[in-house]
Amino acid sequence: MALTGVLRPGHVVLRVMDLDKAVAHYTDALGLIEVARDDKGRVFFKAWDEADHHSVVLRQADEAGMDYMGWKVDSAATLERLAGDVKNSGLVTDTSWIAAGEHPHTGKRFRFTIPTGHVMELYAQKDATGCSTGYLNPEPWPDGLKGMAPSRFDHCLLYGDDLDGTVKLFTEVLGFGLAEEVVAGPEKFRIAAFLSCSNKVHDVAFIRQPMKNKFHHASFLLDNWYEVLKAADIISKRKISIDLGPTRHGITRGETIYFFDPSGNRNEVFAGGYIYYPDKPTVTWTDDQLGPAIFYHDRKLNEAFLSVVT
Amino acid sequence: MKHRIEIVNGSESFGCPADLDVLRAMECLGRKGIPVGCRGGGCGICKVRVVEGPYRTGAMSRACVSVDEQSDGYALACKLFAEGDLRLQVVGKMARCFAGSAGGFHVYGLQGAASQTNN
Ligand code: FES
Ligand SMILES: [Fe+2]
């Protein structure tokens, strides 16, 4: 197995203020599939092409935002090793083990808080309940999909203060590569980092801003540009709060559109990008080119996109 | 049935149907004055204080409006419904995105944020 260590972002847990409205948004509009509810009232979802039991979790709360992200690692041995490394790194706080079964169909999770204030988890086991097309002579896509129908949960973009500490943790302890970055001023002060643990152009990204533990968006993968345009139609048809797009990012080259769930958490659906390899040189953007870096067509900064977080 | 919304720390005023939240009513008319973010009561960008007039609110993130603030008239405009003419003070503004470092990195300010809030 060439891809080892941390494999992918396996789940994201979001807080919502009206669970029924949120479930309707994430199933009918975004097009995820509800797979379970638990006795704590949490609702679990997956995208149609994902094998593991769930990737998105919604929790009713009196505020919006992200509770935590979970990362699947390649084995129980890797989980033990990385948990030790993370704990001894001096970069994290509030470490704990969450018992197997606390998420349905999921093994034990090692939880910690990273320097930007976000809670992250590592886990090695989640039941592979299978994707919607199966694995024997599968059709390319299943019938009965709803809404935008992304094939997978792809990444999150998070805002926080100690960007340097978080980048150090992800690159030096968890084995991620820095695919792209944004630097500011003559001293090339890093203000954004796009991190990959795989061949994806990013599995998580962070932007420096003064407050800890802020959530910018959770992103889901579509096949192509036309599906992004169709997502835009769905956003208008369903009167969903749009942020911006459809457009292209300079950073990561993704074709994208952003919108909000009914509690104000931002979602993205996107297509494109490129293949990242661990030996690929880091792409650097300078702050004087930040307009086209973020929105390649408009070439202008957008206040709401940069400022609005939950 | 339309109510009058007046922004006291700005020069805008606009009509707001009773069944539309104040932020949406403003946006529909192409007016400005209150910053627009998520429109879902989650981000806090559209925070206002009602200085006069009757209203009700929908679910607003506690991270943005505390219990005390709520009883003091603070609300999120995207979850604010007028039940009569309202006078509002705009509180929320587009925050700067990139913080400065101790080493003196020049803050990457978002020009226009102030004017969006104030005009
Ligand atoms: S626009 Fe986000 S809380 Fe109103
Ligand atoms: Fe993204």
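Reply: Helices (H or I, at least four residues) and strands (E, at least two) are DSSP runs, numbered from the N terminus. This is a predicted model, where local features need pLDDT of at least 70, side-chain atom pairs count only at pLDDT 80 or more, and totals for chains, interfaces and linings use all residues. Residues are numbered from 1 along each chain as its sequence is written, chains are lettered from A and ligands numbered from 1 in the order in which they are written, and side-chain values use heavy atoms, with hydrogens and water left out.

Me: OK, which residue is the bridge partner of A:Ile98 in β7(A)?
Reply: That's A:Arg109. β6(A) and β7(A) (residues 109-113) pair in the antiparallel sense over four bridges.

Me: And what's the strand order in that eight-strand open sheet of chain A?
Reply: The order is β2-β3-β4-β1-β5-β8-β7-β6, with mixed pairing. β2 (33-37) and β6 (93-98) of chain A are at the edges with a single partner strand each, so one side of each has no neighbour in the sheet. From one strand to the next, the twist averages 25 degrees (axes are lines fitted to C-alpha atoms, for helices over the stretch in contact, and angles run from 0 to 180 degrees between N-to-C directions).

Me: What about the open sheet of nine strands?
Reply: In chain A, that one goes β14-β15-β16-β13-β9-β12-β11-β10-β17, again mixed. Its edges are β14 (242-248) and β17 (283-286) of chain A, each with a single partner, so each has one side without a neighbour in the sheet. Twist there averages 20 degrees from one strand to the next.

Me: How many bridges join β14(A) and β15?
Reply: Four, in the antiparallel sense, with β15 of chain A covering residues 254-260. A:Thr247 has A:Thr256 as its bridge partner in β15(A).

Me: Which helix lies across β14, β15 and β16 of chain A?
Reply: Helix α4 (residues 225-237) of chain A, running at about 15 degrees to β15(A). A:Tyr226 lies in that helix, α4 of chain A.

Me: Is A:Tyr226 buried or exposed?
Reply: A:Tyr226 counts as exposed because its relative accessibility is 55%. Buried means under 20% relative accessible area, exposed over 50%, partly exposed in between (1.4 Å probe, protein chains only).

Me: Switching to chain B, how many helices and strands?
Reply: Chain B has three helices and seven strands, running β-β-α-β-β-α-β-β-β-α from the N terminus. Of the 119 residues in chain B, 47% are buried.

Methods. Two strands pair if DSSP finds at least two bridges between them. Contact means heavy atoms within 4.5 Å.
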